[in-house]
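Please keep the viewer open as you read.

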Amino acid sequence: MLTRFGNWLDERMGWRAVWEAIFLRKVPKVNWFYTLGSATLFVAVNQAVTGILLTIYYVPTPDHAYDSVQYITTQVAGGWLIRGLHHWGASVMVVLVVLHMLRVIIYGAYKYPREVTWMTGVVLLLVVIGFGFTGYLLPWDQKSYWATTVGTRIAGVVPFLGDWILRIMRGGNDLSAVTLARFFGAHVWVLPATLLLLVGTHLFLVIRNGISEIPKREARKQ
Amino acid sequence: MEHSEKKEISRREFMKYTIAALGGLIGLGYGIPAIGYVVAPALAKSQAQQWIQLGAVSKVELGTPTLFKVNISRQTGWIVNQEELSVYVLTENGRDFVAMSNVCTHLGCRIRWIADQGQYYCPCHNGVYDKQGNVVSGPPPRPLDKYQTKVENDQLFILEG
């Protein structure tokens with residue numbers, strides 16, 4: 001029954017070819033460090049799922065942000081778990097992304113023909129940091145308020161453009177409702193859209209080019 | 001007959017089932033808390049009932065519904081709202097009181113007493129109730145909701161919640 005339905009769909013979608021390209025592709029014999037990318041993807045999905053759930057209650061305005069987060073954590077069934085997964089997942093995400101990058105550097109996996117995979121990966125690292133930076137403000141407590149005050153001030157030390165960058169990030173001279181709203185917008189719309197596009201490209205290239213072998217010491221020339 | 005024969009399972013099959021089982025567990029691990037998280041506020045019990053003071057018994061006119069308005073605070077999510085509660089109180093003898101909600105039982109619009117006609121009227125879909133709150137015409141499915149009442153020190157109270 002299930003096989004027949006699978007056949008019916010395959011005839012119209014060709015999904016088996018896609019499935020085989022993704023999951024049944026040939027890979028060289030590698031080690032556990034090669035799972036860091038998949039681990040990152042898993043945590044990214046965790047962030048998306050828990051993040052979507054958080055938006056059901058979270059309200060990004062100064063008069064509601066803190067209270068709505070407290071409501072999620074203390075009143076909603078499982079709210080502590082959803083928020084906890086998102087909170088800790090954010091840190092795990094940064095750690096995994098950096099480890100994944102180190103593995104690619106150390107094994108030289110960024111070399112021809114995988115340069116574009118590497119470049120999208122570099123931008124993805126920036127996107128992940130952007131997620132961390134914008135998400136940190138959203139609980140709107142003392143820590144997030146002052147961290148963002150400092151963070152935007154750091155961006156403000158760029159020569160010539162600094163003041164301008166700071167004002168654009170804050171949406172004015174000071175941290176305000178405008179800042180919170182634009183950080184929220186960046187966190188749930190701009191960055192996810194960018195991430196989706198880049199992860200799509202990144203994974204397509206991983207599958208298209210195949211993954212690199214562990215570099216071997218070349219036999220010494222006679 | 002053949003049940004003693006050992007069923008061989010290939011490495012590939014074993015991995016397939018293990019991955020499917022792990023995936024299922026992870027799915028449940030997220031899915032069950034997520035459902036609870038989404039439906040929780042809908043299942044929360046409404047707040048405890050409380051007696052609300054409407055005002056002096058002497059304010060209720062004999063034989064005519066009298067409108068009382070009181071402010072109550074109600075917690076929704078993380079917000080405490082001040083809401084105005086409007087109640088029509090009717091007494092025929094000055095001792096027994098009927099307190100009726102001004103919420104139309106059809107779709108929740110606010111009804112009002114039309115003194116000329118001696119009826120309550122709902123502007124949304126022309127629902128009409130008589131003085132006692134019984135449906136006269138229009139779409140309302142049942143009479144107006146009534147509150148339990150009590151009188152203490154010549155003050156009228158209703159039980160809300």
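A disulfide is taken here as a pair of cysteine sulfur atoms within 2.5 Å. Bear in mind that this is a predicted model.

**Cysteines**

With that cut-off in hand, how many disulfides does the structure hold? Over all chains there is one disulfide, and it joins C109(B) to C124(B) with an S to S distance of 2.0 Å. C109(B) sits in the loop between strand 4 and strand 5 (112-114) of chain B, while C124(B) sits in the loop between strand 6 (119-122) and strand 7 (127-129) of chain B, so the link ties together parts 15 residues apart in sequence. The torsion about the S-S bond is -95°, which makes the link of C109(B) and C124(B) left-handed. C124(B) is partly exposed, at a relative accessible area of 37%.

C122(B), in turn, is in no disulfide. C104(B) counts as buried, with 5% relative accessibility, and C122(B) counts as buried too, with 2%.

| Cysteine | Relative accessibility | Class |
|---|---|---|
| C124(B) | 37% | partly exposed |
| C104(B) | 5% | buried |
| C122(B) | 2% | buried |

**The sheet in chain B**

Chain B has an open sheet of four strands in the order 2-3-4-9, with antiparallel pairing. Strand 2 (66-76) and strand 9 (146-147) of chain B stand at the edges with a single partner strand each, so one side of each has no neighbour in the sheet. Strands of a sheet pair through backbone hydrogen bonds.

Strand 2 and strand 3 of chain B pair over 11 bridges in the antiparallel sense. One of the bridge pairs is T76(B) with I79(B) of strand 3. These two strands form a hairpin with two residues between them, and G77(B) in the turn has a positive phi of about 60°. Strand 3 (residues 79-91) of chain B also pairs with strand 4 (residues 97-101) of chain B, through five antiparallel bridges. Here L90(B) has V98(B) of strand 4 as its bridge partner.

**Nonpolar cores**

Which residues have the most contacts inside the largest nonpolar core? They are Y58(A), L180(A) and Y37(B), in a core of 20 residues. Helix 3 (36-55), helix 4 (65-74) and helix 9 (177-209) of chain A, together with helix 1 (11-43) of chain B, each supply at least two residues of this core. Helix 4 of chain A gives the largest share, four residues.

Beyond its neighbours within four places in sequence, Y37(B) is in contact with residues of chain A including L53(A), L54(A), Y57(A), I72(A) and I82(A). Another core, of 15 residues, lies apart from the largest one; among its members are L54(B), V57(B), V60(B) and V70(B).

**A helix pair in chain A**

Finally, helix 7 (residues 142-155) and helix 8 (residues 162-170) of chain A have axes that come within 7 Å and cross at roughly 145°. Helix 7 of chain A contributes T149(A), T152(A), R153(A) and A155(A) to the contact, and helix 8 of chain A contributes G162(A), I165(A), L166(A), M169(A) and R170(A). By class, this contact has four nonpolar, three polar and two charged residues.

Methods
Residues numbered from 1 in each chain as written. Chains lettered and ligands numbered in written order. Predicted model: local features only at pLDDT ≥ 70, side-chain atom pairs only at ≥ 80, totals over all residues. Heavy atoms only, no water. Pairing = 2+ DSSP bridges. Buried < 20%, exposed > 50% of the residue type's maximum accessible area, 1.4 Å probe, protein only. Core = buried A, V, L, I, M, F, W, Y, C linked by side-chain atoms within 4.5 Å. Contact = heavy atoms within 4.5 Å. Axes fitted to C-alpha atoms, helices over the stretch in contact; angles between N-to-C directions. Nonpolar A, V, L, I, M, F, W, Y, C, P; charged D, E, K, R; others polar.
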